[in-house]
Every structure is written in C-alpha cells, then in structure tokens.
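Subject: Structure handover

Hello,

Here is the structure you will be working with. Please open it first, then read the notes below.

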Amino acid sequence: MGIFSEASNYAGNPVEEQDKTAKELMAKGRKVIKLSRGDPAVYFKTPKYIIDAYIEALREGRSQYEYFYGAQELREAIAQRYSRMYNLDLNVEEDIIVTNGVSESLIFLNSVLMDNGDKAVLFKPYYTLYKSLLEINNGRAVYGNYDEKNSWAIDLDHLKKSLLHSKRIKYMLVTNPNNPTGTVLDRKIMEEVVSIANDNDLILVSDEIYDEILFNGAKFTSLAQIAKGTKHVILNGASKNFDAPGFRIGYMIVPGEDKISKGFKERVVRYAQMRLSVNMPAQYAIAEGMRNVREHKKALSYMVREIADRTNFAYKLINESRYMDAVRPNGAFYVLPRLNIKDIKIKDDTEFAKRLLLEANVQVTRGSGFGSDNHIRIVTLPDKGVIKEAMERIDGFCRKHK
Ligand SMILES: Cc1ncc(COP(=O)(O)O)c(C=O)c1O
C-alpha cells in the first residue's frame with residue numbers, strides 16, 4: 001500500500017526502482033548504462049586526504065559511539081565552514097546536529113514536525129525522498145512549482161496562491177542547487193521566499209547539499225545569508241561536495257533563537273539521542289575534509305571542472321535531439337529534459353524509462369518520480385564517451401518509436 005505500491009520493484013525511491021531489472025539485464029551480459037544514481041564516488045575517487053584521515057581515525061581507536069549531537073571536531077569544522085563561506089556565526093554547542101546523511105536530517109524533520117494531517121510545502125520537481133518521507137509520517141504535500149519556462153525559478157505568484165487556502169502547514173522545503181533540475185536559485189527569489197515563509201509563519205528549510213558544485217557562472221546564495229531572524233533550517237552533508245556518500249555524514253543547522261526553532265531543535269536532539277551516534281571515524285575524516293581547505297579546493301575544483309564539462313556536453317546533445325529539450329544546468333550533476341512525448345508513441349515518462357532500459361539498456365529516472373511528468377532525469381557524472389553513447393541510444397530509441 002501507499003508509497004510502496006507504485007511499481008513492481010519499487011524500493012521506496014523512484015531512483016532505485018529499476019535497479020533490479022538493470023541487474024538482471026547485466027547478468028544476461030547486456031551493457032547497461034546507468035544514468036540514474038547521483039553518486040559521485042562511482043566516478044571520482046573520494047579524495048585521498050579524506051580517506052587517509054578515516055584510516056588514521058581508526059588507527060587511533062576512534063571506533064566508539066560518538067556524542068549523539070555529533071563529534072565536537074566535526075561541529076567545529078562545520079561552524080568554521082559556515083563562517084568562512086557565508087559569514088555565519090554559529091553556536092557550536094547547540095546549532096549543529098550531525099546526522100547519518102541528509103537523509104536522516106529529513107527523517108528527523110518529518111518525524112518531529114508532522115502530526116496526522118499536517119502539511120509541508122514541496123516544490124515540483126522535488127527530490128524523490130521528500131515526498132516519501134512526508135507521507136510515511138502521515139503528512140501531506142502542498143505543492144509550489146519551479147517554473148521550467150523561467151529557468152526553473154520558483155513561481156512566486158503560484159506559491160502565494162497555494163498558501164492562501166492551506167492550513168496546518170509546518171514547513172516549506174527548497175533545494176538549492178537543485179536535484180533534479182541542476183539549477184541554482186536567484187538571490188532575489190530566495191529573499192521573496194524568506195518573506196513568504198515569514199508572512200505565513202512557516203519554518204523554511206533549505207537543502208544545500210550541492211552548494212559547492214557550481215558552474216556556468218552560477219551565483220549561489222545560502223539561506224544562511226538571508227534568513228537571519230526567520231525560523232529556518234539548513235541541510236547539508238559530505239555526500240556531494242566531499243565526494244563521500246558512503247560515509248553517511250550529513251548535518252542540520254538550526255540557528256534561530258526564537259521559541260519555535262528552539263523547541264524544534266530540542267525534539268530533533270531527542271531523536272538523535274535515540275539513534276545513539278553517527279559513524280565515528282567518518283565524522284573525524286569529514287572534519288579533516290573541511291579543515292584542510294587547500295586539499296579540498298584542489299579536489300573540488302578538479303571534480304567541478306569535469307562535472308561542468310560533462311553536464312554541458314549532455315545538455316548540448318539533449319537540445320540537439322528533436323525528442324527532448326532541457327534548461328541549461330549550472331549546479332549539481334543532473335539534467336531534467338522534457339520529452340516531446342507527442343513525437344514518441346509512448347504513453348508517458350514511466351513507460352519511457354521502463355522501455356528505454358529494456359530495449360536500449362539505458363537506465364534513467366522517470367520525471368514523475370520527482371513530480372514532473374513527461375520528463376526524465378539524467379545523471380551527468382559519467383565521462384563524455386559514456387554520455388555520448390547513452391544519448392545515441394536514447395535518440396535511436398525515440399526514432400524507433402516515433
Ligand atoms: C537534494 C538531496 N538531498 C539529500 C540527498 C541525500 O543525501 P545523503 O547522502 O546526505 O543522505 C540527496 C542525494 O542525492 C539529494 O540530492
């Protein structure tokens with residue numbers, strides 16, 4: 001029932017729902033190109049200085065439970081990062097809660113804020129797990145839109161109208177830079193969103209897990225820079241910027257001194273206490289990852305240069321195809337092309353993604369999994385040779401079905 005009933009091998013996350021089929025095809029000897037999972041460590045090795053720090057932490061015997069709030073060293077490194085990058089002065093003892101990935105921050109967020117019938121504002125297209133986690137906690141979504149016709153900027157008029165008739169909304173969640181669109185929100189729009197959150201007395205949450213993966217002249221503004229005085233939460237982690245998704249390090253920043261923020265934080269901490277600890281050596285490794293700015297810059301600038309090149313290449317091939325159009329990405333590592341579904345004799349994006357895997361052996365994610373029908377999400381991490389081959393297969397598949 002519910003979120004588990006949508007597809008035969010649905011795993012609670014649309015990104016993974018075709019993994020079983022892909023595995024079966026590969027076992028039969030088919031060369032499947034996977035453009036489904038946003039895992040940078042498959043394509044770029046986790047930086048050596050971070051791996052070394054992990055090994056050193058183990059050698060030093062750091063294999064105990066850590067303080068449930070997160071290791072002091074990591075919380076200090078996070079505070080320094082936010083001071084350095086965004087001029088934010090965080091209280092190390094209270095404002096930062098380390099979690100098992102941003103995923104666990106999202107679990108805490110929904111567990112704490114959702115009572116039966118409560119709602120949250122999500123923007124379409126949303127990161128898949130936002131909706132699943134909301135619904136598994138008996139919450140419901142009120143939708144805003146990222147507007148494809150306006151470079152995926154937030155449609156503010158639509159947002160204001162959606163809020164007008166909705167009650168019991170607890171939080172509003174934006175993703176910046178965005179998964180699945182690969183775009184970055186403009187500062188002015190963010191400022192409007194902050195003021196709308198204030199007017200409607202909502203906690204504003206910004207998932208900024210890709211905040212250092214920026215290119216094509218993107219200008220990123222963290223919510224931390226503009227939300228002072230507003231109830232807000234920032235989510236971030238090591239999976240993307242530090243290329244270490246398997247470490248499972250994320251964190252939640254709750255800087256507000258108001259009663260609601262403090263109450264929220266107290267309840268989150270109770271959840272953190274109940275799951276005891278986050279992986280200890282991984283916390284020490286990511287603390288070093290953040291403190292060693294020189295090594296981080298070196299690793300990051302190589303990775304972002306490559307991602308920019310690969311993403312721009314994928315974008316060019318997509319827009320050369322008569323079957324797809326996309327907005328040019330400038331952050332993260334995704335493109336979300338719109339399928340010209342009228343030119344392809346396939347019912348919708350779900351059918352498209354299923355048959356594309358079976359017939360052309362390319363695995364993408366259906367746009368409807370992000371709340372965006374008739375789109376597909378393509379991960380742009382593989383090298384250009386693989387992207388070229390995948391795009392040729394997709395184009396050939398579309399031609400076959402035109
Ligand atoms: C927007 C966004 N938030 C959260 C996550 C989950 O991150 P983590 O690995 O920290 O759990 C992802 C992973 O792809 C993501 O794209």
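**Helix contacts**

Start with helix α2, where Y49, I50, A53, Y54, A57 and L58 meet P281, A282, Y284, A285, I286, E288 and G289 in helix α10. To "meet" is to be in contact, with heavy atoms within 4.5 Å. Helices (H or I, at least four residues) and strands (E, at least two) are DSSP runs, numbered from the N terminus. The residues of this α2 and α10 contact divide into 11 nonpolar, one polar and one charged. Here Ala, Val, Leu, Ile, Met, Phe, Trp, Tyr, Cys and Pro count as nonpolar, Asp, Glu, Lys and Arg as charged, and the others, Gly among them, as polar.

Before you go on, note that this is a predicted model: local features need pLDDT of at least 70, side-chain atom pairs count only at pLDDT 80 or more, and totals for chains, interfaces and linings use all residues. Residues are numbered from 1 along each chain as its sequence is written, and side-chain values use heavy atoms, with hydrogens and water left out.

Now the geometry. The axes of α2 (residues 48-59) and α10 come within 8 Å and cross at roughly 140°. Axes are lines fitted to C-alpha atoms, for helices over the stretch in contact, and angles run from 0 to 180 degrees between N-to-C directions. That angle makes α2 oblique to α10. Angles under 35 degrees count as roughly parallel, over 145 as roughly antiparallel, 65 to 115 as roughly perpendicular and the rest as oblique. The crossing of α2 and α10 is right-handed. A crossing is left-handed if the near helix is turned anticlockwise from the far one by less than a right angle, and right-handed if clockwise.

Helix α3 (residues 72-86) also packs with α10 (residues 280-291): their axes come within 8 Å and cross at roughly 25°. The two are therefore roughly parallel. α3 passes α10 in a left-handed crossing. E73, L74, A77, I78, Q80, R81 and R84 in α3 meet Q283, Y284, I286, A287, M290 and R291 in α10. That contact has seven nonpolar, two polar and four charged residues.

**The sheet**

In what order do the eight strands of the open sheet run? The order is β2-β9-β8-β7-β6-β3-β4-β5, with mixed pairing. Two strands pair if DSSP finds at least two bridges between them. β2 (96-100) and β5 (153-154) are the edge strands, each pairing on one side only. β6 (residues 169-175) and β7 (residues 203-207) run parallel, joined by five bridges. In one of them, V174 is partnered with S206 in β7. Helix α7 (residues 187-199) packs on the sheet and touches β5, β6 and β7. The direction of α7 makes about 170° with that of β6. Helix α5 (residues 128-136) lies across β3 (119-124), β4 (140-147), β6 and β7, and runs at about 160° to β3.

**Loops to look at**

K124 and P125 are joined by a cis peptide bond, with omega about -5°. P125 sits in the loop between β3 and α5. The bond from N179 to P180 is also cis, with omega near 25°. P180 is in the loop between β6 and α7. N138 is not a glycine, yet has a positive phi of about 60°. Look for N138 in the loop between α5 and β4.

**Domains**

Domain 1 is 2-45 + 296-397, and domain 2 is 48-292. These bounds come from an automatic or database domain assignment. The C-alpha centres of the two domains lie 25 Å apart. Their contact takes 39 residues from domain 1 and 35 residues from domain 2.

Best wishes
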